[in-house]
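Okay, everyone, thanks for coming.

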Amino acid sequence: WNQSAHQSSLNALFLPQLSRYVLGMADFPSLAGQALIAMPGIGDERFERTVIFMCVHDENGAMGLVVNKPDPERRLRTLLEELELPPALSLDAGQEEALNSRVLLGGPVEKTRGFVLHSPAYAPGEQLREGTVAVNDELHLSAKLDILRDISLGRGPHNYLLALGIAGWDAGQLDQEILQNTWLHAPLPASALFGTPPELHYAASLSGLGVDVNQLSPVAGRG
């Protein structure tokens, strides 16, 4: 983060980049809305023991957010201050507590861009906003600065998480990796996504499949 390049960084951080990932056919067997869970021996230290919430998966490629790798230094409150979006004094206790959550390291692609995964329609009767895509009925993904401004003012979504960067795959790449037993996949409903501390997602996701993390073998996958 470069304070001297503040305005250009703002533009880079929340440019709507989502449309390139949302061009697929409705009948594609998509994993959007599910979790990818890295198998042992994945062979890429960037993804060791990661859980990735899949936002888009179609014949053009796939993208998701790593949800169990919090930034050890940066909290949401810090990021808002860097963006000159100081929290309003009128925030309630729950909103204040949410600002102390850690920013997630969402993946190795577009690491300077911010993505907010959140509960939908946080204003009554609201339609889908520009720069936002519906992952499923429970979750939307936004990539514009407006949502952070709303969060700072206490009028943002009820549940949300912020990640810098994404995990991305070219057409067919993820499907091939799953066939090679690189990943497991499992449901990850919003209640579990927001209700589980990031560092517990890996064990919790495996437990939901009836798998003990200590007994997981790199030679068997679930495709």
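So, strand β2, residues 51-58, is mostly covered: eight of its eight residues are buried. Buried here means under 20% relative accessible area, with exposed over 50% and partly exposed in between, using a 1.4 Å probe and protein chains only. Strands are DSSP runs of E, at least two residues, helices are H or I runs of at least four, and both are numbered from the N terminus.

Bear in mind this is a predicted model, where local features need pLDDT of at least 70, side-chain atom pairs count only at pLDDT 80 or more, and totals for chains, interfaces and linings use all residues. Residues are numbered from 1 along each chain as its sequence is written, and side-chain values use heavy atoms, leaving out hydrogens and water.

Who sits beside β2? On one side of the list, strand β1 (residues 34-38) pairs with β2 in the antiparallel sense over three bridges; to pair, two strands need at least two DSSP bridges between them. A35 stands opposite F53 in β2. β2 also pairs with strand β3 (residues 61-66), again antiparallel, over six bridges, and F53 stands opposite L65 in β3.
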